[in-house]
Amino acid sequence: MSAHTDKATQWIYHGLWSVLVQWFRVPDKPPTLPTVGDDVAESFRPAEGFLRYMKFRFWIALLIIDIAIMGGWLIGTIALWRNDLLWVGLLLLPPVLIIAIVPDIIAFVAIHLRYDTTWYVMTGRSLRIRRGVWTIQETTISFENVQNVKVHSGPLQRYYGIANLEVETAGSGGSAGSSQQKGMSNANRGIIEGVTNALELRDKILARLRQSQSAGLGDEPDEELQKNRIGWTPAHLQMLGKIRQTLAHWRAEAASQ
Amino acid sequence: MDQTQDVQTEDSAFDPASITRPDPALLNYYTIVAICTLVGFPFVFLPLYFKYHTLKYKFDDKGVSMSWGILFRKEIYLTYRRIQDIHVTRNFIQRWLGLAQVSVQTASGSAGAEMTIEGIRNPELLRNFLYQQMRGVKESVDEEGEADAGEGNSDEALKLLREIHGELCALRQSWETSP
């Protein structure tokens, strides 16, 4: 029985998905990032736990809202019953049920769609985040510009083993408090939501950050500085090693004589 | 149909300098947006209509400028290297019309995007172009690395070390031969 319903829901979902792709022009492929050389673009999406986390929140909200709606209806009906108007209360039951149930179905489908349309792509140079169904937003941030990386997860997120990774660039793209509400699409910020390996990703990004040598905000690299910078290359070290060897030999011979 | 068109445009080299005006589809988009406001149609449509007709882009090799407006003229110029991040936003209507909104962020304090390029036919190509002009391009780093490696032979410090080594060897030989 449950297998049948599973199949049916899957079939409906696939149908909905193809409608979205065809009629709403939702891209069905993950986003790409141009790469140079042997750099690989790895694309990933939120972890399974993220879906369960969103569903958990959905059930809690559903419970609260629906209990409030049905409780309101019950109180209203009892009040009408006292005034011998029970039929009005019963007549109100179908629209109340529709109000209680229809938004739930829409929200449930929206959660799945949100999960399926979220994509993250990372290369050695930058990060691209795609998010959204109705309005698709793609954010590209190059690691060269990253100022700080934040990881945070609430108790419920920790229970599901996920965390949010926030990558910020210079500039003040809105206040930090509103970022959670405003569709995660804030300026100067990219949020990788619901991943299990947030710390690993953070270390990766920080490692790439350290590689970048220019610290300014888009200043041209100082070529004079680059040229005059003295660094020991392997060739230098090899030469120094040879000098040491010669000296050591010499000292040994002098001692033996 | 759409796919073949896409392929053709991707085959031909994308030249941002050729973009000076937004695509005519932008006016359709503005009209639809204005119609969606129902009663507010004239108030929303007129500014957008004038914006469309005065909107001009200029992509040069250092940066991009964008200007519009009739009574209050506005012109924005920003250099590619100051771009912090690029956002491409497409809603349902824009996807149908093949348009997109390319928002470019710099490090300024304003919350909104510093420049919102609208009505571009190939937003992906434009984004790739901007992305390649942004800071942190791998190619330039590689070139520098190769240049360093090539300079290895003419490196002054290394030359000096070689000379020291040579001197040392000669000294040792002369010391050995004449006790």
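Biologist: Which elements cover the buried residues of helix 2 of chain A?

Modeller: This is a predicted model, so read every value as computed. In helix 2 of chain A, the buried residues include A:F50, A:Y53 and A:M54. Their cover includes helix 3 (86-117), helix 4 (155-159) and strand 7 of chain A.

Biologist: How far apart are the end C-alpha atoms of helix 2 of chain A, and what span should its 35 residues give?

Modeller: The helix runs over residues 48-82.

Biologist: Is strand 3 of chain A mostly covered or mostly open, and how many of its residues are buried?

Modeller: Strand 3 spans residues 126-131 of chain A and is mostly covered. On one side sit A:S126, A:R128 and A:R130, and on the other A:L127, A:I129 and A:R131. Both faces are covered, arginines included. The buried count is 6 of 6.

Biologist: What stands opposite A:I129?

Modeller: Strand 2 (residues 119-122) pairs with strand 3 of chain A in the antiparallel sense, over 4 bridges. A hairpin of 3 residues joins these two strands of chain A. Opposite A:I129 stands A:Y120.

Biologist: In the hairpin of strand 3 and strand 4 of chain A, which residue takes a positive phi?

Modeller: Strand 3 and strand 4 of chain A pair in the antiparallel sense over 6 bridges. Within that pairing, A:R131 stands opposite A:Q137. The hairpin has 4 residues between the strands, and the phi in question is near 115°. The residue is A:G132.

Biologist: Strand 4 of chain A also pairs with chain B. What is the bridge partner of A:I141 there?

Modeller: Strand 4 of chain A joins strand 4 of chain B. The two run antiparallel, over 6 bridges. The partner of A:I141 is B:D85.

Biologist: Which element of chain A gives the most to the side that touches chain B?

Modeller: The contact takes 41 residues from chain A and 41 residues from chain B. On the chain A side, strand 4 (136-142) and helix 7 (234-256) give two or more residues each. That side divides into 17 nonpolar, 18 polar and 6 charged residues. The top contributor, with 9 residues, is helix 7 of chain A.

Biologist: Where does A:V149 find its bridge partner?

Modeller: Strand 5 of chain A is joined to strand 6 (residues 163-169) by 6 bridges. The two strands run antiparallel. In strand 6 of chain A, the partner is A:V167.

Biologist: Which element of chain B gives the most to the largest nonpolar core?

Modeller: This core holds 24 residues, and B:Y57, B:I86, B:V102 and B:I120 touch the most other members. Elements with at least two residues in it include strand 1 (56-59) and helix 5 (123-133) of chain B. The biggest share, 3 residues, comes from helix 2 of chain B.

Notes
Residues are numbered from 1 along each chain as its sequence is written. Chains are lettered from A and ligands numbered from 1 in the order in which they are written. This is a predicted model: local features need pLDDT of at least 70, side-chain atom pairs count only at pLDDT 80 or more; totals for chains, interfaces and linings use all residues. Two strands pair if DSSP finds at least two bridges between them. A nonpolar core is a set of buried Ala, Val, Leu, Ile, Met, Phe, Trp, Tyr and Cys residues joined through C-beta atoms within 7 Å. A residue is buried if 20 or more other C-beta atoms lie within 10 Å of its own, exposed if 12 or fewer, and partly exposed in between; C-beta atoms are placed from the backbone. Two residues are in contact if their C-beta atoms, placed from the backbone, lie within 7 Å. Ala, Val, Leu, Ile, Met, Phe, Trp, Tyr, Cys and Pro count as nonpolar, Asp, Glu, Lys and Arg as charged, and the others, Gly among them, as polar. The expected span of a helix is 1.5 Å times one less than its number of residues.
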